[in-house]
Amino acid sequence: MATTVCLLPGDGIGPEVTGAARRVIDAAGAGLDWIELDAGAGALERTGDVLPPATIAAIEKHRIALKGPLTTPIGKGFASVNVQLRKRFDLYAAVRPVRSMPGIRTRFENVEIVVIRENTEGLYSGIEHEVVPGVVESLKIATRVGCERIARFAFNYARERGRGKVTVFHKANIMKMSDGLFIECARRMHEECGQGIEYQELIIDNGCMQLVQNPAQFDVLLLENLYGDVISDLCAGLVGGLGVVPGANIGKDCAIFEAVHGSAPTIAGQNIANPLAVIMSGVMMLRHLGLHEPALRIKNAYNAVLTEGRADELTRDIGGQAGTSDFADSIIRRL
Ligand code: NAI
């Protein structure tokens with residue numbers, strides 16, 4: 001029986017890149033039934049709701065989605081729909097593999113990092129209020145339950161995939177209680193389920209310096225929410241940019257797959273955005289569903305396109321001149 005998957009095209013470049021990903025996944029013979037759903041700034045204009053009840057109901061029912069980026073207004077307006085979705089479905093673990101890609105020349109080779117980001121707590125929750133005029137507070141939430149489950153996830157992830165090292169970036173020298181709890185839980189989970197895995201802690205400022213100097217020393221990175229957000233983009237910069245880094249938001253019984261990048265409004269609607277990050281997110285989704293054969297076909301196909309490196313087949317962010325849909329067509333031809 002075909003698996004039903006929710007597709008949220010999203011804002012900005014979202015419809016172009018998710019449309020390309022859907023075509024590639026269908027052409028690979030994954031046999032998915034897609035349900036297209038509205039969310040984000042566009043949904044607000046169309047339906048009066050950033051997260052319409054029909055979207056929530058469909059994700060609740062099918063528990064799996066491929067999502068395009070959603071625009072969040074800066075300094076005003078509605079709260080992030082991404083954050084709402086992650087909290088609503090308790091998608092506590094963001095998993096973002098960052099790899100050197102064939103044919104994409106960058107300053108470094110052999111980058112092979114997986115960023116594991118706590119996705120529901122921390123400063124990123126955006127819980128803020130004005131204490132008195134001119135004074136605001138932003139709350140950083142850390143719970144033992146939240147810190148333990150993300151650390152357990154990271155060590156289990158590392159063990160299941162044969163990875164040798166987990167590094168925590170933190171600022172527990174300053175945020176002694178919140179980041180202190182995060183590393184206390186990471187240490188305990190290392191003892192409980194991290195046998196044979198090397199464990200390292202770095203203060204995040206030093207961690208950033210080491211990442212841009214020698215990224216190959218890192219394997220799995222374990223981070224609280226805001227640090228994970230920032231470090232994901234930094235890591236993307238090491239391997240060719242936001243067009244090539246996929247992601248998954250994983251909960252106990254629900255998962256939403258999405259690229260690390262945002263809605264890129266300045267290049268939206270021009271057929272120039274790189275669809276690869278969403279296609280790779282789709283590959284992660286297929287694996288999650290146990291559809292390993294079409295997943296591998298897609299991976300081999302995009303690796304072939306990248307390795308050949310023809311300018312007329314690659315988008316301009318990775319050195320080519322092709323459009324979003326041309327890049328997808330090139331992958332489909334190699335399936
Ligand atoms: P962004 O990730 O949209 O763009 C950053 C830079 O990368 C821009 O120069 C953009 O053109 C480029 N870029 C991003 N994706 C690309 C792709 N697939 N191909 C080629 N170039 C690409 O980040 P920005 O500009 O900070 O945010 C724009 C909007 O996206 C904001 O409203 C933000 O809140 C939202 N956003 C949503 C996310 C999500 O839905 N998960 C994640 C990050 C940002």
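Q: How many cavities of 30 Å³ or more does the count come to?
A: The count comes to two cavities of 30 Å³ or more. A cavity here is a set of points on a 1 Å grid over the protein atoms alone where a 1.4 Å probe fits but cannot get out; a pocket is an open set with protein on both sides within 12 Å along at least five of seven lines; and lining residues have an atom within 4 Å of a point. Grid points are joined across faces, edges and corners, and a volume is the space filled by probe spheres set on the points.

Q: What kind of model is it, and how are residues numbered?
A: This is a predicted model, where local features need pLDDT of at least 70 and side-chain atom pairs count only at pLDDT 80 or more, while totals for chains, interfaces and linings use all residues. Residues are numbered from 1 along each chain as its sequence is written, and side-chain values use heavy atoms, with hydrogens and water left out.

Q: Thanks! What volume does the largest cavity have?
A: The largest cavity has a volume of about 70 Å³.

Q: Which elements give two or more residues to the lining of the largest cavity?
A: Those are strand E7 (135–141) and helix H6 (178–193). Helices (H or I, at least four residues) and strands (E, at least two) are DSSP runs, numbered from the N terminus. H6 gives the largest share of that lining, three residues. The lining residues of the largest cavity include Lys 140, Ile 141, Ser 178, Asp 179 and Phe 182.

Q: And by class, what does the lining of the largest cavity have?
A: Four nonpolar, three polar and five charged residues. Ala, Val, Leu, Ile, Met, Phe, Trp, Tyr, Cys and Pro count as nonpolar, Asp, Glu, Lys and Arg as charged, and the others, Gly among them, as polar.

Q: Now the second largest cavity: which residues line it?
A: The second largest cavity is lined by Lys 67, Asn 82, Leu 85, Arg 86, Leu 91, Asn 249, Ile 256 and Glu 258. Its volume is about 30 Å³. Helix H4 supplies the largest share of the lining, three residues.

Q: Glu 258 is in that list; where is its place, and is it buried or exposed?
A: Glu 258 sits in strand E12. Glu 258 is buried, with a relative accessible area of 7%. Buried means under 20% relative accessible area, exposed over 50%, and partly exposed in between, using a 1.4 Å probe and protein chains only.

Q: What does Glu 258 touch?
A: Not counting residues up to four places away in sequence, Glu 258 touches Lys 67, Asn 82, Arg 86, Pro 246, Gly 247, Ala 248, Asn 249 and Ser 281. Contact means heavy atoms within 4.5 Å.

Q: On to pockets. How much space lies in the largest pocket?
A: About 640 Å³ of space lies in the largest pocket. It is lined by 31 residues, and Thr 72, Ser 80, Asn 82, Val 83 and Tyr 124 lie nearest its centre. The elements giving two or more residues to this lining are helix H4 (81–88), strand E6 (122–132) and helix H8 (225–239).

Q: Which domains does the lining of the largest pocket draw on?
A: At least three residues come from each of domain 1 (1–92 + 242–335) and domain 2 (107–239). Those bounds come from an automatic or database domain assignment.

Q: What about the second largest pocket, where does it lie?
A: Both domain 1 and domain 2 give residues to the lining of the second largest pocket, so it lies between them. About 530 Å³ of space lies in this pocket. Of its 22 lining residues, Val 95, Tyr 157, Arg 161, Met 284 and Arg 287 lie nearest the centre. The largest share of the lining, five residues, comes from H9. By class, the lining divides into 13 nonpolar, three polar and six charged residues.

Q: Changing topic: which residues of helix H7 are buried?
A: The buried residues of H7 (residues 204–213) are Ile 204, Gly 207 and Leu 211. Seen down the axis of H7, they fall within an arc of 50°, so they line one face of the helix. That arc is taken from the directions from the helix axis to the C-beta atoms.

Q: What do the buried residues of H7 pack against?
A: They pack against strand E5 (112–118), strand E8 (165–170), strand E9 (198–203), strand E10 (220–223) and H8.

Q: Last one: is Glu 148 buried or exposed?
A: Glu 148 counts as buried, at 16% relative accessibility. Glu 148 lies in helix H5, and touches Cys 185, Arg 188 and Met 189, not counting residues up to four places away in sequence. Glu 148 and Arg 188 are 40 residues apart in sequence and 8.2 Å apart in space, C-alpha to C-alpha.
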